[in-house]
Amino acid sequence: MTPAATGPADPLAPVRAALLRAAEEDAGRLVAAARHDAGATLAKARAAAAATLREARRHGAEDGARAAAAGVAEARRTARARLLEAQADAYQELRRQVLVRVRRYRREACAPEVRERLARQVYRALGPGAAVAAHPAGGVTGTAPGRRVDLTPEALAARVLDRAGPGVEELWRS
Amino acid sequence: MSGANGPDGPPPVTYTSVRELRGPLAVVTGVQGVGWDEFATLTLASGERRYGVVLEVRDDIAVVEVLEGTGGMDPARLRVAFAGSPLTVPVGEGWLGRTCDGRGAPRDGGPPVFGRESAPVEGAAINPVRRRPPGEPVLTGIAAVDALTTLVRGQKLPVFSAAGLPHLELAVQIAAQATTAGERFSVVFAGMGLTHADAFAVRDALEERAAAGELCLLLNTADDPVIERLLTPRLALTVAEHLAFDGGRHVLVVMTDMTSYAEALREVSAARGEVPARRAYPGYLYSDLASLYERCGRIAGRPGSVTVVPVLTMPAGDLTHPVPDLTGYITEGQIVLSPEIHAAGVYPPVDALSSLSRLMRRGAGPGRTRPDHLDVAAQLTAALARARQAAELAALAGETALSPADRSYLALYPVYLRDFLDQGRDRTLTLDESLERAWRVLLTLPPGELGMLPAAVVRARTTGAAP
């Protein structure tokens, strides 16, 4: 009987070692690749986050600018509307004061003479046959068939103010 | 707003013999010396004042159309005063920043408009002998207009549209954006027959420019009296003429909708019992439209200019309808809006191949806008014409049967719609931006197809080399 040949205690040890080494190298490569991937993903995510932030800032700035422009426009419109209202109020007040002053003539010494001049104007417009009557509010009215002339303080004041022109604007310019 | 009776003349006679009221008409008897188109003031028993225009006079009877209508009037207690002349209005800078109705009464809560001088609203066309030819551009901030159909100072360039198209938006956008590059510029916007919603939208969009003192807004709504609609464009032009020729401004008058104006003219003509002509419009429609359009222009020896952009809708899209037809005879080109382009969702839907500014060469090109402007406009228009031909050919023979050049033109059209024409309602483009958009479209073609442009300029654009 031939004795068994003597060999390494564990004949598979080199194979195992080689496999282990290869596995460790693979694992190292995988870990490195994973680390690289993680780094790249992280960098990409950071870049995306920065881009999103930039975009959000841009949108925010645009929205803000739009809102600010709309606010300014609205404020300008409101100011303009108030200015026009104030001018209209001033004009109405002028009309009221002019009417008050014109009505005062009735208490003045020249009232009869004024009434006479107004009556002459009625005859000029409607002819000598016109009927002239004193108006309770002052002034006179003249009538002829189908025609009428109004020379009351209201009518005279309105006539003058309608032709006042840009002088009225001095109310809010001065 | 007034008539001719001076403060030192005889006191105004008021007539009390109103025979009848019929619809918006008041029939006054026993009148003396009253003429057609004379302005009248009607005072009700309550003291309320309304205004009217004399439509017809026969013997001692005058028919007055009451602008505010005759509702609530008692003929027995009505007083009618005639001004002795057609409507006159104060003129000057007082109109800037104001919103008024079609006869100039404030709609903005402010006082009446004042001015150092008065002028008849009826006005008159500029004496042809004293005219200076239109020249220099009015920039609208709209690529399709500025680059391809440039509006020139003193020109009349209508917008032809149809129901459902955004012509009002375009008119408002032009009024809000137009400028004359640093020179004094104002806009008078006359809206005729607008719905209340449209009138609100117009006022909202233009209020900022009005608040800046650059714009006057005259709004005649659909429910306002038709005779006021006839006064609206005349008032706008009267205001514009004085801002331009006395104030030295370049003034753009936008008038919309002229079809609504012509319908008002037809209604008044029928009320006057005149013999109707084509489609029942009065026979004098042509001369009436000309009396408005010919009030624009430039005057020799005077500063400023009046440029008119009338907007009109073609009923059923009919270009032969009397209003666009007669307008086309008088004006100097047209901007046509297209339902197909509008359906594609593109704004403004300007049909460049049907649009034309006959005076463009007087307002664009070297020394006026940019040296390459006219060449770029011509090349882009030619390319669009070729693209249309290619599309027709492709519809017949199929796209594969087209030559490579035709295929490049076919591909150009959507790029043109997207990158040139479509600019949105809120965006103002500078002329440079508009022309650069045109260049981007043109550079999608092979360089050999750009024969209308200087070769050196094309080379510089395609290779980056200096021209």
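Reader: What radius of gyration does chain B have, beside that of a compact globule with 467 residues?

Author: This is a predicted model, and the value is computed from it. A compact globule of 467 residues would have a radius of gyration near 23 Å, and the value for chain B agrees with this, because it is 25 Å.

Reader: What does the C-alpha trace of chain B span along its principal axes, and what percentage of its residues count as buried?

Author: Along the principal axes, the C-alpha trace of chain B spans about 85 × 45 × 40 Å. Among the 467 residues of chain B, the share that counts as buried is 50%.

Reader: How many helices and strands are in chain B, and what percentage of its contacts between residues at least 6 apart in sequence join residues at least 24 apart?

Author: Chain B contains 13 helices and 21 strands. When contacts in chain B between residues at least 6 apart in sequence are taken, the share that joins residues at least 24 apart is 71%.

Reader: Which elements of chain B each supply at least two residues of the side that touches chain A?

Author: In chain B, 24 residues are in contact with 28 residues of chain A. The elements of chain B that each supply at least two residues of that side are strand S1 (13-15) and helix H3 (196-211).

Reader: Which residue in S1(B) is the bridge partner of Arg148(A)?

Author: S1(B) pairs with strand S3 (residues 147-151) of chain A in the antiparallel sense, over 3 bridges. In S1(B), the bridge partner of Arg148(A) is Thr14(B).

Definitions and conventions. Residues are numbered from 1 along each chain as its sequence is written. Chains are lettered from A and ligands numbered from 1 in the order in which they are written. This is a predicted model: local features need pLDDT of at least 70, side-chain atom pairs count only at pLDDT 80 or more; totals for chains, interfaces and linings use all residues. Helices (H or I, at least four residues) and strands (E, at least two) are DSSP runs, numbered from the N terminus. The radius of gyration is taken over C-alpha atoms; the globule rule is 2.2 Å times the number of residues to the power 0.38. A residue is buried if 20 or more other C-beta atoms lie within 10 Å of its own, exposed if 12 or fewer, and partly exposed in between; C-beta atoms are placed from the backbone. Two residues are in contact if their C-beta atoms, placed from the backbone, lie within 7 Å. Two strands pair if DSSP finds at least two bridges between them.
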